[in-house]
Every structure is written in structure tokens, then in C-alpha cells.
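Here is a note for a colleague who is opening this structure for the first time.

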Amino acid sequence: MKYTFIETDEQMRGMCDALNREKRIGVDLEGDSLHCFKEKICLLQIATATEAFLIDPFIMKDLSDFIRVLENPDIIKIFHGADFDIRSLDRDYGARVNNLFDTEIASRFLGTEERGLAALLKTHFNVIADKKFQRVDWSKRPLKEDMIAYSVGDVEYLTRLHTILADKLDGIRRHAWAKEEFEIQEQVRYEHN
């Protein structure tokens with residue numbers, strides 16, 4: 001999938017203008033929780049059906065335009081296992097995600113036994129996702145090409161996966177139930193221990 005690294009305010013505005021015209025976007029983030037005492041978001045990944053965007057929060061300090069995209073109730077934000085991401089976005093930016101679709105929660109309502117993103121990609125797209133970068137230190141720069149490919153892969157299929165899972169939920173009349181859970185997930189907040 002074609003991707004763009006967002007490195008200037010102009011690129012950020014252009015990306016957000018484009019995202020605000022979308023009906024749905026895939027979102028993920030990478031953090032350094034396994035490597036730092038005070039964890040932080042180290043990379044944000046966003047995808048439409050045709051392209052991906054990567055935001056390095058170490059370069060881009062003002063994410064307010066993107067936060068408004070996350071808060072826009074007219075765009076479905078597709079995450080997989082959103083709990084950590086929602087809490088991290090709250091902790092680092094005070095962001096609130098509106099109109100969430102969580103593919104892991106949807107899979108639970110469908111009775112799917114293996115609900116990890118790699119399992120869903122294998123089942124629905126016959127894609128083998130290499131998850132070896134889940135535990136690397138994402139705060140180190142420069143990011144290696146294979147890490148970038150991994151991060152794009154985490155969002156590349158989310159809009160298509162949304163279509164499949166939403167249709168299946170509709171088929172068994174459980175979409176409303178799942179939506180209730182998505183709305184509860186939207187409300188989780190970071191709690192400092």
C-alpha cells in the first residue's frame with residue numbers, strides 16, 4: 001500500500017482535509033510501553049481504502065487537526081483491540097475517538113475463536129502478518145524500512161475488514177449489540193497508577 005510520512009504542517013493539513021472526506025479510516029499506533037518507564041506514542045498509522053499515512057509524533061508536535069479527525073462523528077474509525085490505543089490517545093493528547101468500530105470486539109460478537117489481527121488477516125485475506133515488530137522499541141530513530149512496512153500492514157486491511165465484519169454482524173442482527181460495546185470502548189480513559 002502506498003504511504004506518506006507526514007512531516008510538515010502543510011502535509012498534516014492536507015492529510016486531515018483528505019481524511020475528513022472519508023467515510024471510514026483505519027487507525028493504529030505503536031508505543032514504547034515495553035521499553036520506557038513513562039510510555040508514549042511513537043508512531044500513528046492511518047489508512048483509507050487506497051493509501052496510508054504515518055505520523056511521527058517526535059517530528060509533528062501539533063496533532064490538533066488529526067485529533068479533530070478522530071473526534072469527527074461522521075467518520076468510522078476502525079481499530080483492532082482499541083483499548084490500549086484509546087487510553088494512549090487520551091493520555092498523550094486528550095483525544096476522544098468518536099464512531100469507533102473495533103474489529104476485535106466485532107469478532108467476539110461473531111463467535112470468532114482466533115481474534116488477533118494476524119488471524120483475521122489470514123482468515124479473510126490469506127495474508128501472513130509477521131508480528132515480530134510488536135515488541136521492538138518504537139522510540140528509536142530512524143525507523144527501519146521493515147518496521148515501516150509492518151506499521152503500514154497493521155492498517156492496510158482495516159477498511160476491508162470492517163466491510164466484512166459489519167456485513168456479518170448485520171447478517172446475524174448483532175451490529176447494534178456490537179455498537180453498544182464500541183461506544184463503551186470509546187469512553188475508556190487513561191488512569192495514572
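1. The side chains of Asp90 and Arg96 form a salt bridge, with 2.4 Å from N to O, where a salt bridge is a side-chain nitrogen of Lys or Arg within 4 Å of a carboxyl oxygen of Asp or Glu. Asp90 is buried at a relative accessible area of 13%, whereas Arg96 is partly exposed at 31%; buried means under 20% relative accessible area, exposed over 50% and partly exposed in between, with a 1.4 Å probe and protein chains only.

2. On the basis of these values, please keep in mind that the model is predicted, that local features need pLDDT of at least 70 and side-chain atom pairs pLDDT 80 or more, while totals for chains, interfaces and linings use all residues. Residues are numbered from 1 along each chain as its sequence is written, and side-chain values use heavy atoms, with hydrogens and water left out.

3. Asp90 belongs to helix α3 (residues 83-93), in which Asp85, Ile86, Ser88, Leu89 and Arg91 are also buried; helices (H or I, at least four residues) and strands (E, at least two) are DSSP runs numbered from the N terminus. The buried residues of α3 pack against β2 (24-31), β3 (41-47), α2 (64-71), β5 (76-79) and α8 (175-186), and the helix is followed by Gly94, which has a positive phi near 65 degrees.

4. Arg91 deserves a separate look. Its charged end sits over the ring of Tyr190, 5.5 Å from the ring centre, the rule being that NZ of Lys or CZ of Arg is within 6 Å of the centre and within 35 degrees of the ring normal. Arg91 is also linked with Glu39 and Asp92 in a network of salt bridges.

5. The count of salt bridges comes to 10, and among them is the pair of Asp65 and Arg68, at 2.4 Å from N to O.

6. Why does the structure hold zero disulfides? A disulfide is a pair of cysteine sulfur atoms within 2.5 Å, and the sulfur of Cys16 is 20 Å from the closest cysteine sulfur, in Cys42, which is too far for a bond. Cys16 is buried at 3%, and Cys42 is buried at 0%.

Technical notes. Contact = heavy atoms within 4.5 Å.
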